[in-house]
Amino acid sequence: AFPAAPATTALIVAALLLAAALAVLAIRDQSTPRWGLIGIAVLELILLVITVWCAIAWIGGNAPAEAVVFVFYLLACLAIPPAMAWWGKGEPGRWGSGVVAVACLVLIVLVLRVQQVWTGGVPPT
């Protein structure tokens, strides 16, 4: 079983809320506000919790089914929020907010893939 399932659920909820809020801003032609950047930081913190939780489980003997693939997916997840913050802060207008909203959705897919790679199959529904 994936050890960080509760944190993954928290990340998915937070990313969906942030994506929805920033999509509204993008439609209204507004740039990413400070609270959007704080939301991105929250996503990164949750990802760090997932990383530590998985590392502890791995050290304890609960290893991922595909270790190398797991590590690369996790590293990709950890790299996305800083890129989101950079783009959201640097791009005025709707494009910054729009890119961050889409990146939130991409992050959700990657985190679900991290969970899937750990368990070695499709996560249970």
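The structure is a predicted model in which local features require pLDDT of at least 70 and side-chain atom pairs count only at pLDDT 80 or more, whereas totals for chains, interfaces and linings use all residues. Residues are numbered from 1 along each chain as its sequence is written, and side-chain values use heavy atoms, with hydrogens and water left out.

According to the unreviewed UniProt entry, the annotation "transmembrane region" covers residues 36-60, 67-87 and 93-112; UniProt positions are given in the numbering used here, feature names are shortened, and such annotations may be inferred rather than shown by experiment. Secondary structure was assigned from DSSP runs (helices, H or I, at least four residues; strands, E, at least two), numbered from the N terminus. The span of residues 36-60 is 96% helix and 0% strand, with its end C-alpha atoms 36 Å apart. For residues 93-112, the corresponding values are 95% helix and 0% strand, and the end C-alpha atoms lie 30 Å apart.

One salt bridge (a side-chain nitrogen of Lys or Arg within 4 Å of a carboxyl oxygen of Asp or Glu) was found in a search of the whole structure. It joins aspartate 29 to arginine 94, with 3.5 Å between the closest N and O atoms. The pair links distant parts of the chain, 65 residues apart: aspartate 29 lies in the loop between helix 1 (5-27) and helix 2 (34-59), and arginine 94 in helix 4 (residues 94-119). Accessibility was classed by relative accessible area (buried, under 20%; exposed, over 50%; partly exposed, in between; 1.4 Å probe, protein chains only). Aspartate 29 is partly exposed at 44%, as is arginine 94 at 36%.

The search of the whole structure also gave five aromatic pairs. Rings of Phe, Tyr and Trp (its six-membered ring) were paired if their centres lie within 6.5 Å, and planes under 30 degrees apart count as stacked, over 60 as edge-to-face and the rest as tilted. Among these pairs, phenylalanine 2 and tryptophan 118 are edge-to-face, at 6.0 Å centre to centre and 80° between the planes. Tryptophan 86 and tryptophan 87 form another edge-to-face pair, at 6.4 Å centre to centre with 75° between the planes. Here, tryptophan 86 is exposed, at 65% relative accessible area, whereas tryptophan 87 is partly exposed, at 40%. Ring pairs also connect Phe2, Trp58, Phe70 and Trp118 into a cluster.
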